[in-house]
Amino acid sequence: MLDLIVVGTGVMGAASARHAAVSGASVLAIGEPEPASPENYHGLFGAWHDISRLSWRLHNNPADTELTLRSLRAISALEAGGAPKILTATGFLNLAAPQLDEGLNAASRSDQPITTTPLDSVELHDRFPFLSVPQNVSAYTEGSPSGHINVRRLV
């Protein structure tokens with residue numbers, strides 16, 4: 001007998017099924033398989049069929065920051081437990097139009113141990129000469145473990 005049936009095998013459904021199974025539940029997950037040839041596929045196409053999502057830690061809402069930190073710890077635990085590499089910790093560059101610099105605003109009042117490095121327009125050009133950015137743009141970097149997540153490997 002099944003304890004749980006999960007309908008949907010994308011990121012959320014797969015995570016739900018996994019956590020229930022790890023806790024000892026008997027689980028059946030039902031969902032569309034990933035298309036063998038996405039470029040020729042014309043049916044339903046879940047958000048998890050692409051390869052990556054950017055992952056940065058510092059958000060304007062402290063709850064979002066906390067949830068991101070918990071997610072990154074959980075991903076590290078999955079990888080330590082034998083899952084394929086999910087997170088590529090490359091760091092993160094945040095660029096924002098004037099008055100929209102959410103991350104820099106959050107950094108000024110965050111109690112989280114997240115180091116950000118603000119960049120002025122000269123530093124931004126020196127570190128990222130391949131970018132063409134207006135001078136009035138706010139910029140900062142976050143170090144590892146910010147980077148990108150391969151959502152296919154999560155599923």
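**View 1. Packing of helix α1 against β1 and β2.** The buried residues of α1 pack against β1 and β2, where contact means heavy atoms within 4.5 Å. Helices (H or I, at least four residues) and strands (E, at least two) are DSSP runs, numbered from the N terminus. The model is predicted: local features need pLDDT of at least 70, side-chain atom pairs count only at pLDDT 80 or more, and totals for chains, interfaces and linings use all residues. Residues are numbered from 1 along each chain as its sequence is written, and side-chain values use heavy atoms, with hydrogens and water left out.

View 2. Helix α1 (residues 11-22) has 12 residues and reaches 16 Å from its first C-alpha to its last, close to the 16 Å expected at 1.5 Å a residue; the expected span is 1.5 Å times one less than the number of residues. G13, A14, A17 and A20 of α1 are buried. Seen down the axis of α1, these buried residues fall within an arc of 135°, so they line one face of the helix; the arc is that of the directions from the helix axis to the C-beta atoms. M12, H19 and V22 are exposed on the other side of α1. Buried means under 20% relative accessible area, exposed over 50%, and partly exposed in between (1.4 Å probe, protein chains only).

**View 3. Helix α2 and its surroundings.** The 19 residues of helix α2 (residues 62-80) should span 27 Å at 1.5 Å a residue, and its end C-alpha atoms are 27 Å apart, which agrees. T65, T68, L69, L72 and I75 are buried in α2. Seen down the axis of α2, its buried residues fall within an arc of 120°, so they line one face of the helix. They pack against β3 (52-55), β4 (87-88), β8 (147-150) and α5 (151-154). The exposed residues R70 and R73 lie on the face of α2 turned away from its buried side. Just after α2, G82 takes a positive phi of about 110°.

**View 4. A nonpolar surface patch.** L2, I5, V7, L28 and I30 make a nonpolar surface patch of about 450 Å². Patches consist of residues with over 30% relative accessible area and no salt bridge, with like charges joined within 9 Å and nonpolar side chains (Val, Leu, Ile, Met, Phe, Trp, Tyr) within 5 Å. A salt bridge is a side-chain nitrogen of Lys or Arg within 4 Å of a carboxyl oxygen of Asp or Glu. Accessible areas come from the Shrake-Rupley method with a 1.4 Å probe; for residues, only the protein chains shown count as cover. β1 (4-7) and β2 (27-30) each supply at least two residues of the patch. L2 is placed in the segment before β1 and is partly exposed, with a relative accessible area of 38%.
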